[in-house]
Amino acid sequence: MPTTTATMTCRQRLLAFLDGQPTDRVPMWLLFPYHVRGCYVDVRTLPQYRPVFEASRDRAVMLDRRSFSVPIFEPGVQTENRRFTQDGTDIQQRFYRYAGKTLMNERRARGHEINVKPLLDTDEDLETLLSFPVETDKTRIYARLDAQLPNYLAERDDFPIDYGAMMLDLGEPIGFLYGNSNLESYAIWSLTMDPQVVRYLDQLQQRYRLIYQYTLERDLADVYFMVGSELASPPLVNRGTFCRWVVPYARELIQNMRGAGKRVIQHYHGQIGDILPDFLTMGANALHTIEEPPVGNCTLERAFDIVGDQLGLIGCIQYDCFREYTPDRMRQAVRDQLTRLRGQRFMLSPSAGPYEAQPDPRVFANYHAFLDAGWEFGQ
């Protein structure tokens, strides 16, 4: 085990990295949550994860990613959920109704066969969505957030602050459209219905301004996490669409957060090479992740050539490597990456968080190898 002592806590190292200040060593982030989050397993209580969690506490940054829930639509938009079985098929449906118009998504599951009808498939579906009033009433939005605040504050009080920071993931305007669309139709709409989509995103931005404003007024977190940039980017849509559907909305929200003294990490999976300059325009503190070829299309060296020290980069050993490598190979991969990037504004991380409850045992051995090598070679 490495014997070099640290001069910073994990929190001090995290905030210095995000602020572009010197750190005593390269920070590491495993994407482990502290409190339970639906997309990740509970690393604190699952016996197979517990040893890695304990090993990470003094060496890896922990960002406790939390969210709030606020309806997309005004109360006049009625919602209904149905679930039933028909001829051995489990059917789940969700309806949205307003002014005589209806949208519906459906999931049909029979054994291992699953078929999904998205909420938005045709041009008519999109036009119907655009006619539904977006929730922008401050009183109702704040009341919804007030109801969730005590639970969040209890989690914040429970979080050991020297581990890192609370991190709020509040969403971006593009999220609902992307998450509920047939993606083939979505790509076509970027060419045929762009003005209509932009007007809809403008309405949603009013909602998000209020949600972010609420959390900033109450000083709820030091770090914010934004995941919308990967939802409208090449090759699914072109760079021009990215600059209309993502950039202006993220830039405004980031300016508000940074103006309040907060730090912002943007998240992006995929082909980032051609749009990386646009992340400088948006103005976050750091970007997770740069995926190098063959998964992505941008090396970390090229990324730093573009962003310099204006943007901290967080990356990236692919999660599949944790399944496939031997610990010795993992150790060498970490060493190679840190050697290549020595002196850069860099945080070491996997490409994804712990979403498997029972992964191959080598995943745990490679988490330990990752931590040990990052600590030793990140001095």
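Which helix does Ser190 lie in? Ser190 belongs to helix 6, which covers residues 183-192; helices (H or I, at least four residues) and strands (E, at least two) are DSSP runs, numbered from the N terminus. The model is predicted, so local features need pLDDT of at least 70 and side-chain atom pairs count only at pLDDT 80 or more, while totals for chains, interfaces and linings use all residues. Residues are numbered from 1 along each chain as its sequence is written, and side-chain values use heavy atoms, with hydrogens and water left out.

- Ser190 counts as buried because its relative accessibility is 6%; buried means under 20% relative accessible area, exposed over 50%, and partly exposed in between (1.4 Å probe, protein chains only).
- Leaving aside residues up to four places away in sequence, Ser190 touches Val237, Thr241, Arg244 and Trp245, where contact means heavy atoms within 4.5 Å.
- Ala16 sits in helix 1, residues 10-18.
- Ala16 has a relative accessible area of 10%, so this residue is also buried.
- With residues up to four places away in sequence not counted, Ala16 touches Met8, Gln21, Pro22 and Thr23.
- Ala16 and Pro27 are eleven residues apart along the chain, and their C-alpha atoms are separated by 9.7 Å.

- Four strands form an open sheet in the order 2-3-4-5, and their pairing is antiparallel; two strands pair if DSSP finds at least two bridges between them.
- Axes are lines fitted to C-alpha atoms, for helices over the stretch in contact, and angles run from 0 to 180 degrees between N-to-C directions.
- Nine bridges join strand 2 to strand 3 (residues 89-98) in the antiparallel sense.
- Arg83 stands opposite Gln92 in strand 3, and Arg82 stands opposite Gln93 in strand 3.
- In a regular strand the side chains alternate between the two faces of the sheet.
- Two residues lie between strand 2 and strand 3 in their hairpin. Asp87, in the turn, has a positive phi of about 50°.
- Helix 3 (residues 123-131) lies across strand 3 and strand 4 (101-110), and runs at about 125° to strand 4.

**Helix 7 and helix 9**

- The axes of helix 7 (residues 194-217) and helix 9 (residues 247-259) come within 10 Å and cross at roughly 15°.
- Helix 7 is therefore roughly parallel to helix 9; angles under 35 degrees count as roughly parallel, over 145 as roughly antiparallel, 65 to 115 as roughly perpendicular and the rest as oblique.
- The crossing of helix 7 with helix 9 is right-handed. A crossing is left-handed if the near helix is turned anticlockwise from the far one by less than a right angle, and right-handed if clockwise.
- Residues of helix 7 that meet helix 9 include Val198, Leu201 and Tyr208, and those on the helix 9 side include Tyr249 and Leu253.
- This contact has eight nonpolar, two polar and three charged residues. Ala, Val, Leu, Ile, Met, Phe, Trp, Tyr, Cys and Pro count as nonpolar, Asp, Glu, Lys and Arg as charged, and the others, Gly among them, as polar.

**Helix 13 and helix 14**

- Helix 13 (residues 327-340) and helix 14 (residues 361-377) have axes that come within 8 Å and cross at roughly 35°.
- Helix 13 and helix 14 cross in the right-handed sense.
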